[in-house]
Amino acid sequence: MTIEVHYILRAIAVGIGATVVMDLWNLFLRRTFGIPSLDYCLLGRWLRHMPGGTFRHASIAAAPQKSFECTVGWIAHYTTGVVFALVFVLLASGDWLARPTFLPALLYGIATVVFPMFIMQPSFGLGVASSRTPHPTKARLKSLTTHTVFGAGLYVCALGVSY
């Protein structure tokens with residue numbers, strides 16, 4: 001399947017926008033309810049340890065700090081949002097960008113929760129689906145909600161680029 005350049009550029013814009021929506025949601029949760037979000041510096045730390053061969057940590061927070069980890073973490077966060085959007089547009093087709101529909105974007109956003117639950121959280125030392133955290137159910141619901149908001153953000157941002 002091929003995808004035209006203008007679809008790629010629109011998908012990139014949608015991915016950035018959906019990630020911003022997700023970040024705004026997390027900011028709202030933190031300021032309104034005191035619910036913390038992932039520290040993207042820790043994401044950067046995890047990635048910066050990979051060239052040395054360390055992919056899993058007993059506790060990413062206790063792992064030695066690395067230079068530029070915050071910058072790397074934020075770039076990785078937005079790159080992931082863009083990649084997720086590009087994959088979604090490839091799966092849904094460029095026609096979805098022209099006429100976005102809510103349900104496919106929402107379901108896709110929900111499906112992306114498998115990455116933090118089964119890759120990042122275990123690699124950070126938090127266990128599969130946050131099983132080693134003090135409140136696993138709360139952490140799982142937070143991840144699920146955040147990725148649901150990302151899916152809604154895909155739809156809203158696709159509406160914006162479709163005009």
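**Exercise 1. Leaving aside neighbours within four places in sequence, find the residues in contact with L97.**

Solution. Contact means heavy atoms within 4.5 Å. Set aside the neighbours of L97 within four places in sequence; the contacts are then Y7, R10, A11, V14, V89, A158, V161 and S162. The model is predicted: local features need pLDDT of at least 70, side-chain atom pairs count only at pLDDT 80 or more, and totals for chains, interfaces and linings use all residues. Residues are numbered from 1 along each chain as its sequence is written, and side-chain values use heavy atoms, with hydrogens and water left out.

Buried means under 20% relative accessible area, exposed over 50%, and partly exposed in between (1.4 Å probe, protein chains only). The largest core has 26 residues, and L43, L97 and L154 touch the most other members. At least two residues of this core come from each of helix 1, helix 2, helix 3 (69-92), helix 4 (94-98), helix 5 (102-111) and helix 7. Helices are DSSP runs (H or I, at least four residues), numbered from the N terminus.

**Exercise 2. Describe how helix 5 crosses helix 7.**

Solution. Start with the axes, which are lines fitted to C-alpha atoms over the stretch in contact, with angles from 0 to 180 degrees between N-to-C directions. The two axes come within 7 Å and cross at roughly 145°. Now list the residues that meet. Helix 5 brings F102, A105, L106, Y108, G109 and I110; helix 7 brings L144, H147, T148, F150, G151, A152, L154 and Y155. Sort them by class: ten are nonpolar, four polar and none charged. Here Ala, Val, Leu, Ile, Met, Phe, Trp, Tyr, Cys and Pro count as nonpolar, Asp, Glu, Lys and Arg as charged, and the others, Gly among them, as polar.

**Exercise 3. Trace the ring pairs that link W25, F28 and F33.**

Solution. Rings of Phe, Tyr and Trp (its six-membered ring) pair if their centres lie within 6.5 Å; planes under 30 degrees apart are stacked, over 60 edge-to-face, the rest tilted. The whole structure holds ten aromatic pairs. Take W25 and F28: their centres are 5.7 Å apart and their planes at 35°, so this pair is tilted. They sit three residues apart in helix 1 (residues 5-33), about one helical turn. F28 also pairs with F33, edge-to-face, at 5.8 Å centre to centre and 85° between the planes. Finally, check accessibility. W25 is partly exposed at 26%, F28 is partly exposed at 38%, and F33 is exposed at 52%.

How values were computed:
A nonpolar core is a set of buried Ala, Val, Leu, Ile, Met, Phe, Trp, Tyr and Cys residues joined through side-chain atoms within 4.5 Å.
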